[in-house]
Protein chains: 2
Amino acid sequence: MQLSMAPTEAVKARRARLAARLDGTRALIAAGEPSPRNYPAATYPFRASSHFLYLVGLPIARAMLVVEGGESTVYVPPHDPADALWHGALPSYAELAAAVGCPVRPLTELPALEGAGAVPCVDARGRAAQERALGRPLSTPTEADEAVIDAMIALRLVHDAAAIEGLREAAEATKAAHLAGMKATRPGIREAEVRAAMVHEFARRDMTEAYGPIVTVHGEVLHNDVYHHELADGDLLLADVGAESTGGWAGDVTRTWPVSGALSGTQRTIYDLVLAAQEAAIAKVAPGVRYRDVHLAACRTLALGLVELGVLRGDPDEIVADGVHALFFPHGVGHLIGLDVHDMEDLGDRAGYAPGRRRSEQFGLSYLRLDRDLEVGMAVTIEPGFYQVPAILEDARLTAVAGDRLDRDALARFADVRGVRIEDDVLVTETGSEVLTEGIPKRAVDVEAAVG
Amino acid sequence: MQLSMAPTEAVKARRARLAARLDGTRALIAAGEPSPRNYPAATYPFRASSHFLYLVGLPIARAMLVVEGGESTVYVPPHDPADALWHGALPSYAELAAAVGCPVRPLTELPALEGAGAVPCVDARGRAAQERALGRPLSTPTEADEAVIDAMIALRLVHDAAAIEGLREAAEATKAAHLAGMKATRPGIREAEVRAAMVHEFARRDMTEAYGPIVTVHGEVLHNDVYHHELADGDLLLADVGAESTGGWAGDVTRTWPVSGALSGTQRTIYDLVLAAQEAAIAKVAPGVRYRDVHLAACRTLALGLVELGVLRGDPDEIVADGVHALFFPHGVGHLIGLDVHDMEDLGDRAGYAPGRRRSEQFGLSYLRLDRDLEVGMAVTIEPGFYQVPAILEDARLTAVAGDRLDRDALARFADVRGVRIEDDVLVTETGSEVLTEGIPKRAVDVEAAVG
């Protein structure tokens, strides 16, 4: 933890905005605690709660922030004399206070917090500490909890300048990772070798991954987390890999490239179709636009393309309305991105869906994580894909929706395309949008040229 | 999780040995669950409990092993149809059973377990699941719990052939990492760059780190976990970095090298002294030897050397008996190593200390994690060091033990040596010992030649 990295002015302003929204309700936000890996002293690298990072800017394990009216205080674990021996000189309360821009006190001085509201910490220990501090369980949110949660959602939905700077920092490292991954690719090595080249770009920047990387020749497995397959000539490699900046901001980018450096004709056809869908969706991003319509723009492009290729038959609009396209594109076109790669997913659809909107029950649309009207300062991913998922295409219940609109013979021509996804991170701006992850090879010819 | 990697015969034999020791007591061993990082679906890479890995060989999240007499059954989470969509085809119970060498059933069929004993899972969710299965809290161990714990300790203390193979696999990757780290070192870069080069060697082998790497120009901070300092000419870089093999076995190696590629005269003097202490300790390792005596052999070499350098005055044996040397070498000379880098540290000194032995209260010796008589098949680390820790040397209470035996003027000559540690992993053999992590540059000239 480098105190000099603290975004002091930004977190002060965020706390002031929170206090203004809360109108006197006290808020308790916990950083959480390190999680043990295989024994108590061997922990996973500590990642503070995103709500705490947003408001304090430094990952102080076990710390708690109390915001009360215009006053904020960060309570931190008291120093243990043994700490200096094992962990070196620790910052003083005064040094911490200067970095976080508000008073810092030992946790032993945490006041009684009746009536306060809290965002439940995702970490079990952090949450238990919050419950002890509040003197009540967090399983049933109180009105005060809901007020704090809604205020945090309102704040975090729209990124300030420091947040956008963090997203750009993550984007820069993410770009370096994808370039390194493409360069490292060659037949005969394992997926792990490409993944290693990619995350190396994070580690050398003293950053980490924003989420478990997907680097796979089986792109049709949507959440693939194994890396042992060998890359073969003719395979497509799908890499969904993003950095987390030193301040905790996420990058989230997917590229799909040919192991050999050359797409086959059928691969290129599908690749260009997915790219067209992504571009159509990005073109749609603008203030005031409903995100579901961004999703549907990608769906419509895909449906139209699949009809032109003879894989689907019928009217593209009907295909989309019925969800037939979801047999090949079962997930949503994207999600919020911020301090979490799926930003605020800990708060569920309360964050992702505008009040009054609910998830569709239609296969495909039901996986859309975001359905709000876009505002200037929101950041979202745009990530359509085409997959041949056996668990979908061999499931008569799921394919029934297609009726006679699916031509399996036409589809068989594309057997060498198991999965393609193309994803960028996009900021909503006054004039439309800005692709934060610009500059990572994306056109088919550029991707081919970057391999090996 | 690759089923083909399961050490089927080894885990069958281990379960049989466990059953033989338990004499009818049923044992419940849980794999644990993934820990959330910043929201529930974003988890840290899953690491199964070492006890589970030892007996089952595969990291099956949420699974539980029941050993009852000669019969073992692994209970696994029932398949969810959505799993196939997101995670691809999952192995069948029959495929899992073939890999783990015993029946595999859904967790819904877990029997009532009155009277069974358990090793408490370190992961909070895994432990809660165990408590539900047992119908009682694990906070106060029952006789059955203690029987299972003691049986696990007895088994895991002495490594079988498959375990030793795992340790060798980790050692090989650890060697590659240290060579890569030395090669990447040059003035002007940050510690993060060297760390990245080291862990890259793990990632490309589809392995991970056995513990949070220490890669620092501030070797005097014993548990340093930051990587932002710039490497300068004249600095020593201390790297305590070890791989975890795909099966979960740990490597744990420290090397200290000069950023410039050349040790100063004072650095070389201290380096050679620490190396002599390490060699003296390794030479002492043999069946029947008490580990504390291995520790004391290192202490004696250090004390003698510091007296010869004029830093300490007096009789080396008295210096060691009084713990004066611990002002420069405050930690123990090592610990057990196996599936955990501090093997079985979740069980505390019940694992590390022989029955009837207790930790010393003397500063220094109190940090010794292991005090058993060595047996063939045990693996330990040997890692003496020399540090100038401000929190020790400026603490009058701690330095009082030295009386007039500490010459601070003589010490001041070694100001450019903040911290040196040299560590290898050593297997106890019939004839003495074998260094599992052989071949990583260690003599001063070899280390110098490997840098840059």
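Copies here are superposed by least squares on the C-alpha atoms of residues with pLDDT of at least 70 in both. With that in mind, show chains A and B together: a rotation of 180° with 0.0 Å of shift along its axis puts chain B on chain A, at an RMSD of 0.0 Å. The two copies are thus related as by a two-fold rotation axis.

A bit of housekeeping. This is a predicted model, in which local features need pLDDT of at least 70 and side-chain atom pairs count only at pLDDT 80 or more, while totals for chains, interfaces and linings use all residues. Residues are numbered from 1 along each chain as its sequence is written, and chains are lettered from A and ligands numbered from 1 in the order in which they are written.

**Stop 1: where the chains meet**

Select H200(B). Among the residues of chain B, H200(B) comes closest to the rotation axis, with its C-alpha at 3.0 Å. The same surface serves both copies, as 100% of the contact residues of chain B recur in chain A. Two residues are in contact if their C-beta atoms, placed from the backbone, lie within 7 Å.

Now colour the whole contact: 50 residues come from chain B and 50 residues from chain A. On the chain B side, the elements giving two or more residues are β2 (36-39), α3 (81-87), α8 (191-204) and α13 (390-393). The largest share, 8 residues, comes from α8(B). (Helices are DSSP runs of H or I with at least four residues, strands are runs of E with at least two, and both are numbered from the N terminus.)

While you're there, pick β2(B). β2(B) and β3(B) form a hairpin with 2 residues between them. They run antiparallel, joined by 2 bridges; strands pair if DSSP finds at least two bridges between them. Y39(B) has A42(B) as its bridge partner in β3(B).

**Stop 2: a sheet in chain A**

Hop over to chain A and show the open sheet of 5 strands, in the order β6-β5-β4-β1-β7, with mixed pairing. β6 (104-106) and β7 stand at the edges with a single partner strand each, so one side of each is left without a neighbour in the sheet. Further in, β1 (residues 27-30) and β4 (residues 64-68) run antiparallel, joined by 4 bridges. A30(A) stands opposite M64(A) in β4(A).

Next, click V119(A), in the loop between β7 (117-118) and α5 (124-134). V119(A) counts as buried because it has 25 C-beta neighbours inside 10 Å. (Buried takes 20 or more other C-beta atoms within 10 Å of a residue's own, exposed 12 or fewer, partly exposed in between, with C-beta atoms placed from the backbone.) Beyond four places in sequence, its contacts include H51(A) and M152(A).

**Stop 3: the core and a helix**

Select L28(A), one of the residues touching the most other members of the 274-residue largest nonpolar core. Such a core is a set of buried Ala, Val, Leu, Ile, Met, Phe, Trp, Tyr and Cys residues joined through C-beta atoms within 7 Å. Beyond four places in sequence, contacts of L28(A) include M64(A) and L134(A).

Finish on α10 (residues 291-308) of chain B, whose 18 residues reach 26 Å from first C-alpha to last, close to the 26 Å expected at 1.5 Å a residue. (The expected span is 1.5 Å times one less than the number of residues.) α10(B) is mostly covered, with 14 of its 18 residues buried. G310(B) follows, with a positive phi near 85°.
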